[in-house]
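Look over the sequence and the structure, then read on.

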Amino acid sequence: MLLEYRPWEAVRETSLREIHAACVRMIRADYGGDDQSHTRDGTQIAFRDKLGIRDFPAGNEMPFEAAWSPDGAVCVARARISELLTLGELASPIRILPTP
């Protein structure tokens, strides 16, 4: 799922490669950029970008979760699914993740 962010294209001279990578982290709720997903299939998300390619749908009432970069979340207001990862666990400098 590319969500309109084709990494081989550019918008107003801005490469979409990094925005595409940030989008992948966001979809997976990969907060730490360590390839650990913290979401569930079917979980709805609403997002927008700084280039104006995508904006929140009309009537969106979802609370802000996080701002994303190609390396993971850069600002987190809340964890998407607190049963999978709490904000406290995310803030901890050492996270022990369950084995797959």
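C75 counts as partly exposed, at 41% relative accessibility. Here, buried means under 20% relative accessible area, exposed means over 50%, and partly exposed lies in between (1.4 Å probe, protein chains only). This is a predicted model: local features need pLDDT of at least 70, side-chain atom pairs count only at pLDDT 80 or more, and totals for chains, interfaces and linings use all residues. Residues are numbered from 1 along each chain as its sequence is written, and side-chain values use heavy atoms, with hydrogens and water left out.

**Cysteines**

- How many disulfides does a search of the whole structure find? The search finds zero disulfides, a disulfide being a pair of cysteine sulfur atoms within 2.5 Å.
- The closest cysteine sulfur to that of C23 is in C75, and at 18 Å it is too far for a bond.
- C23 is buried, with 6% relative accessibility.
- C75 is in no disulfide either, as its nearest cysteine sulfur, that of C23, is 18 Å away.

**Salt bridges**

- Side chains of opposite charge can pair when their charged atoms come close.
- A search of the whole structure finds six salt bridges. The cut-off is a side-chain nitrogen of Lys or Arg within 4 Å of a carboxyl oxygen of Asp or Glu.
- R54 pairs with E4, with 3.7 Å between the closest N and O atoms.
- Helices (H or I, at least four residues) and strands (E, at least two) are DSSP runs, numbered from the N terminus.
- Both ends of that pair are partly exposed: R54 has a relative accessible area of 27%, and E4 has 39%.
- D35 and R25 form another salt bridge, at 3.2 Å from N to O. D35 sits in the loop between α1 and β3 and R25 in helix α1, so the bridged parts are ten residues apart in sequence.
- R40 bridges to E83, with the closest N and O atoms 3.9 Å apart. R40 is in the loop between α1 and β3 and E83 in the loop between β4 (72–76) and α2 (87–91), so the pair links parts 43 residues apart in sequence.
- R40 is partly exposed, at 43% relative accessibility. E83 is exposed, with a relative accessible area of 62%.
- R25, R28, D30 and D35 belong to one network, joined by salt bridges that share partners.

**Largest pocket**

- The largest pocket holds about 710 Å³ of space. A pocket is an open set of points on a 1 Å grid over the protein atoms alone, where a 1.4 Å probe fits, with protein on both sides within 12 Å along at least five of seven lines; lining residues have an atom within 4 Å of a point. Points are joined across faces, edges and corners, and the volume is the space filled by probe spheres set on them.
- The largest pocket is lined by 29 residues, and those closest to its centre are M26, F47, R48, A66 and W68.
- β2 (14–15), α1 and β3 each supply at least two lining residues.
- Which element gives the most to the lining? It is α1, with five residues.
- The lining has 16 nonpolar, six polar and seven charged residues. Ala, Val, Leu, Ile, Met, Phe, Trp, Tyr, Cys and Pro count as nonpolar, Asp, Glu, Lys and Arg as charged, and the others, Gly among them, as polar.
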